[in-house]
Amino acid sequence: MNCISKEDVHKITSGQVIIDLVSIIKELVENSIDAGTGLLEITFREYGLESIEVIDHGTGISSADFTTVCLNHYTSKLVDFDDLARVNTLGFRGEALSAICAVADLEITTTNKSGSFKLSYTNMGELDQCQPIEHGLGTKVVVTNLFKSLPVRYKNLQKTIKTEFTKALQFLYNYVLIAPNIKFNINNVVGGKKRNLIITTGDNRVLDNFITLFGYKSIDGLNPVNLHNDLCKITGYISDTSIGKSRISKDRQFIYVNGRPVINKTLAKIVNDAYQMYNPQFPVFVLNFIIDTNDIDVNVTPDKLTVNVNVDIMELRDLFVGYFEHSNGSQSLSQTSISASRSKPTFNESSLRKSSLNKPSFSKFHPVHNLVQLLDSDIPFLSYNPHKEENDTRDENIDKMQNLYTKDLNAILVTKLNFNDMKIIGQFNLGFIITKLNDDLFIIDQHASDEKANYEQLMNSFKLENQRLMTPININLNVSERFQLDNHLIDLKGFKLNKNYQLTHLPVYKDQEFDETDFLELISTGKLTKIHKICAMKACRKSIMIGQHLNRSTMRKVIKGLSRLDKPWNCPHGRPTLRHLSKI
Ligand code: ADP
Ligand code: MG
């Protein structure tokens, strides 16, 4: 057995703190914000592959700290563990600069009381050189040769740099929106040409920054939020609930806890569920939850993006429900959904409502804790962008999956391959196929299963024609959207644009037309709901119906078919295809 050298251990563990371009940007920007800067000038060269430069007008680094800033676990923000409960800076673990040194070359220029200095560090974070230099206020950090010492990661970075860059840019939106008092100036230099991407005034107006990122129309219907209860205070903006002010995806939702951008599914769900009592779509929001530092735990993951909060979910939910009830344009979806929610105070009511769409005949067999689920479907890549649109049902499936693994030890796990081993017992009620797998009986919805098979086949072979517009349509796109278009990072599915980002061609499918709104959906989610709807409708029409008698070979075909599907667990409308009936 050998002991790994100190250098290698450092490289190995640092690779976990700094995993991509987003993490570098995140750490450098947070350091500048912690230093109280009023300006943030960020320059990517060749999308960050050549260098990443962050300039601030913060306090600077004092000369006494020059030798330690890049050493692991050296921080000026925390002295002992007890301080963690009171931490109000974005950083506190003292490992970011040290980790950057391990995976890249780092140079710092900083101005403090004694003057200005240019500092360079070794890969172990030790001070290598220190020279006096001319420099204005604050600190400049330049990172070059990112991941050069980790060949596999470097190759991967080269391949994915434009996607990484888009993610980093989108991640910066979090700070642009929470820190409107900071002047942002974000650039990318490609082939020696500098392109300005985001520029803000620092005039402390969040909505102005919203316009900078998403265009003029984006603030239409955004109302200020100022709520509080005993445990927390919430400030920011949220869409009003009237039709047309919401979005079809969660792509513009920004959550912060004490000014820190976070991933917190519970908080997001509370807000979305309350909103969906009045509007079935999703709100746009920028919400800062101000919570006593004793009631939060930010030290869950090294990136500090996951934050556990100790809040009363029901109280918080009621706060938002009350807010929407009184805000202009609120219209309850239906009296029943509201009163149902009142009598059953559960915060995942929207998912309950979804499942109530299930056919009553099938849900008789529904004990949810016995629900057999997926388990071999792909787990979505967790990106750094907490606001990335994720397929909702997929999310729920993962929640269920985690429930199965962690909470319900009696759960029965079924994989796609198991469909091939199921024995057919027979048809039930002209609507369901009863099957047996080892000691378990399952009930399979014949229509939902066949429908899903037809749906996946239609989706895979779906082709759109397109038609040229007489007059091109102007589209208001933000920088990252333009960047994605310029670099062909989105499958445009028949839409075409000219150099001025005007739509010149729209897709058509038979008598179905696609329009500007569909294009905006495609840009923000990568999907077109209309295609899904067309295929779901066609699939429904051509599938085996409830009430249809099935012979054994058709039943076998339906069951075997499930094993070949990408996601056999639900029909295109979300209804489950199979449930566990009992153990024999
Ligand atoms: P942390 O932010 O968790 O303290 P870092 O490794 O990110 O750890 O930074 C180490 C220390 O370097 C910080 O605690 C801070 O004192 C100093 N520092 C880093 N960047 C800056 C900056 N832009 N301006 C002033 N001080 C900085
Ligand atoms: Mg830091």
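Trainee: How far is the sulfur of Cys540 from the closest cysteine sulfur?

Mentor: In this predicted model, the closest cysteine sulfur to that of Cys540 belongs to Cys571 and lies 8.3 Å away, which is too far for a bond.

Trainee: How many disulfides does the structure hold, then?

Mentor: The structure holds zero disulfides.

Trainee: Is Cys232 buried or exposed?

Mentor: Cys232 counts as buried, because its relative accessibility is 4%, whereas Cys540, at 26% relative accessibility, counts as partly exposed.

Trainee: Switching to helices, how do H2 and H4 cross?

Mentor: The axes of helix H2, which covers residues 21–34, and of H4 come within 8 Å and cross at roughly 30°, and the two helices are therefore roughly parallel to each other. The crossing in which H2 passes H4 is right-handed.

Trainee: Which residues in H2 meet H4 there?

Mentor: Among them are Leu21, Val22, Ile25 and Lys26 in H2, and the residues they and others in H2 meet in H4 include Phe165, Lys167 and Phe171.

Trainee: What about H4 and H5, at what angle do they pack?

Mentor: H4 (residues 151–178) and H5 (residues 206–214) pack at an angle of about 155°, with their axes 8 Å apart, and that makes H4 roughly antiparallel to H5.

Trainee: Which residues in H4 meet H5?

Mentor: Tyr173, Val176 and Leu177 in H4 meet residues in H5 including Val206, Asn209 and Phe210, and the residues of the contact divide into seven nonpolar, one polar and no charged.

Methods: Residues numbered from 1 in each chain as written. Chains lettered and ligands numbered in written order. Predicted model: local features only at pLDDT ≥ 70, side-chain atom pairs only at ≥ 80, totals over all residues. Heavy atoms only, no water. Axes fitted to C-alpha atoms, helices over the stretch in contact; angles between N-to-C directions. Helix = DSSP H or I, 4+ residues; strand = E, 2+ residues; numbered from the N terminus. Parallel < 35°, antiparallel > 145°, perpendicular 65-115°, else oblique. Contact = heavy atoms within 4.5 Å. Nonpolar A, V, L, I, M, F, W, Y, C, P; charged D, E, K, R; others polar. Left-handed = near helix turned anticlockwise from the far one by under 90°. Disulfide = S-S within 2.5 Å. Buried < 20%, exposed > 50% of the residue type's maximum accessible area, 1.4 Å probe, protein only.
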